[in-house]
2 protein chains.
Amino acid sequence: MVAKKNCILRLSRYKNELYRFKKLGFIKIFSEYLADAVGVTSAQVRKDFSLFDISGNKRGGYTIDALIEKLNVILGKNQIQKVVVVGAGNLGTALLRYKNFAKQGIRIEAAFDLDPAKGSQKSGVPVRPMTELETFLRRNDIKIGILCVPEVAAQSVFDAMVNGGIRGVLNFSPIQLKTPADCIVTNVNLEVELENLIYFVTAGQSAK
Amino acid sequence: MVAKKNCILRLSRYKNELYRFKKLGFIKIFSEYLADAVGVTSAQVRKDFSLFDISGNKRGGYTIDALIEKLNVILGKNQIQKVVVVGAGNLGTALLRYKNFAKQGIRIEAAFDLDPAKGSQKSGVPVRPMTELETFLRRNDIKIGILCVPEVAAQSVFDAMVNGGIRGVLNFSPIQLKTPADCIVTNVNLEVELENLIYFVTAGQSAK
DNA sequence: TAGATTGTTAATCGATTAACAATC
DNA sequence: TAGATTGTTAATCGATTAACAATC
C-alpha cells in the first residue's frame, strides 16, 4: 500500500464527519453525502476507500459504524498515541492545555524546555528539562513530537529528537529542517499561511 | 494573473530563505541554490518567477535585494497587515503573544472573546467582548481573521466575522466552515496533522 | 569567445473525476 | 424487476520537471 499524504488527510476528515453524521442519528451513508460534507467528489471518496479495500453495499451505501471502525484501525485510533511537546513557550504551553488532542486519543506524555519551570501550571503535563529529552523518548518509546522552540534552536533540538527515536515531527518553527530519510516532518507555518491569505484577499482573487 | 495557492506559498518560502542568504552575505543567487534551500527544483523556482515576470540575469542569477523587494510587493509586505484573533482561549492567547507575526509585518489589532477578561495580561493586545466584533472590523477595515473558538461556536462566529467584512480566515477549529464565495478559509487542523504523522510513522512508510 | 544560467516549451507525472458496468 | 449506488477503468486535468535555445 503506497498511500499518499493527501489521501490519508482525507481519511481523517471522512472519519470526523462520520462521527457527526452518527451523532445526528444516521446509520448508513452514501459516498455522495460524505463527499459533500468534506468538500470532495463522490468518486474521490469511493476511490480512497477502494485503496484500503473498504467496501459498501451497492445501492445501500456504507454502514457508518463499520466505516468509522475501519478508518480508526487504519489511522491507529484503536490505541492511545503518545507524543511530546518540545519547547514550552507560548505556543507549546497552549498545546499542553489543548483539549482536542485527548478527545482524539492523542496523549502528550511530557513537555521539554530549557527552563522546566515554564508552563507547568494547570495543564497536567509535566515540563521536564531539555537535558532529559533523549533519555525520556527512548525509555517511553515515543515516535511523534511537536516542535515549538525558537527558530535558532529548531535544528539542533530537532536533531536531538531524532536521536531519541522520534520519527514524525509537527514543526511550528519557520525553518526548513534538515531531515533524515526515516523521519517525516509536517510544517505548520502560521506566518506563511497568513501571508497566503493576505495575498488572495488583497489581490481580490479566490484561492484554489 | 491566476496564481495558484501552492505557488504563492512557495513565494513566501523563497522570500524567507532569501533573507537568510542575505544575512550570510550573499548578493546574488542562482535558481539552483534557492531551490535547494526550499526543497524544490530549480525549474520550479524559475517557473514561479516567470509567472510574476520576475527575471534574473542569464549567467548571473538573481540579485537577492531586488528579488526580496519584488516578492515583498507581491505578498503585500510593503505595508502592515491588520488581523484580529477571535477566541482568546489557550491557543488564541498564545497567538497574541507570538513574536513572529510582528517580525513579518502582521499586526494583531485586537482579540475578541465572550469573556474579555481572558488573556489580556502581557500580550499588549486588547481583548474585547465578542459583541463588539462586527463594529470593530468594519470601523478598522480589517479583512483577515484568525478563528480560535471552540468547535460548537465556530460557524456562528465565522458568520459574524464575514458579516463584519472579513475575507480571509485562518481556521483552527476542526470543522469544515460553510464559506461564501468571496471569503477564503485556510484550515489548520492539528489533530488531523498529527493523525497523518501517526499513520506514516506507525505504518513505517515515508510520507510524500 | 566559451561556458553557464535563465526563461520557456513540451513532456511527464500524478491526482482527480467522469462514466459506466456490475449488482444489490 | 427497476432503480440506484458502488467499484473501477479510462479520460481529464493540472502541476511539476526535463530539456534546450537564447543570451549574458
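**View 1. Strands β4 and β5 of chain A side by side.** Strand β4 (residues 106–113) of chain A pairs with β5(A) in the parallel sense, over three bridges; strands here are DSSP runs of E with at least two residues and helices are runs of H or I with at least four, numbered from the N terminus, and two strands pair if DSSP finds at least two bridges between them. Look for Ala111(A), which sits opposite Val127(A) in β5(A). This is a predicted model, where local features need pLDDT of at least 70 and side-chain atom pairs count only at pLDDT 80 or more, while totals for chains, interfaces and linings use all residues. Residues are numbered from 1 along each chain as its sequence is written, chains are lettered from A and ligands numbered from 1 in the order written, and side-chain values use heavy atoms, with hydrogens and water left out.

**View 2. The open sheet of chain A.** Six strands line up as β5-β4-β3-β6-β7-β8 in chain A, with parallel pairing. At the edges are β5 (127–129) and β8 (184–187) of chain A, each pairing on one side only. The twist averages 25° from one strand to the next; axes are lines fitted to C-alpha atoms, for helices over the stretch in contact, and angles run from 0 to 180 degrees between N-to-C directions. Helix α8 (residues 151–163) of chain A lies across β3 (81–86), β6 (144–147), β7 (168–171) and β8 of chain A, at about 170° to β6(A).

View 3. Four bridges join the parallel β6(B) and β7(B), and Gly145(B) stands opposite Val169(B) in β7(B). Contact means heavy atoms within 4.5 Å.

**View 4. Where the two chains meet.** Here 60 residues of chain B contact 60 residues of chain A. About 5,700 Å² is buried between them, 67% of it from carbon and sulfur atoms; that is the accessible area (1.4 Å probe) that two parts lose on being put together, summed over both. Six salt bridges cross the interface, each a side-chain nitrogen of Lys or Arg within 4 Å of a carboxyl oxygen of Asp or Glu. Lys77(A) and Glu195(B) meet in a salt bridge at 2.8 Å, N to O.
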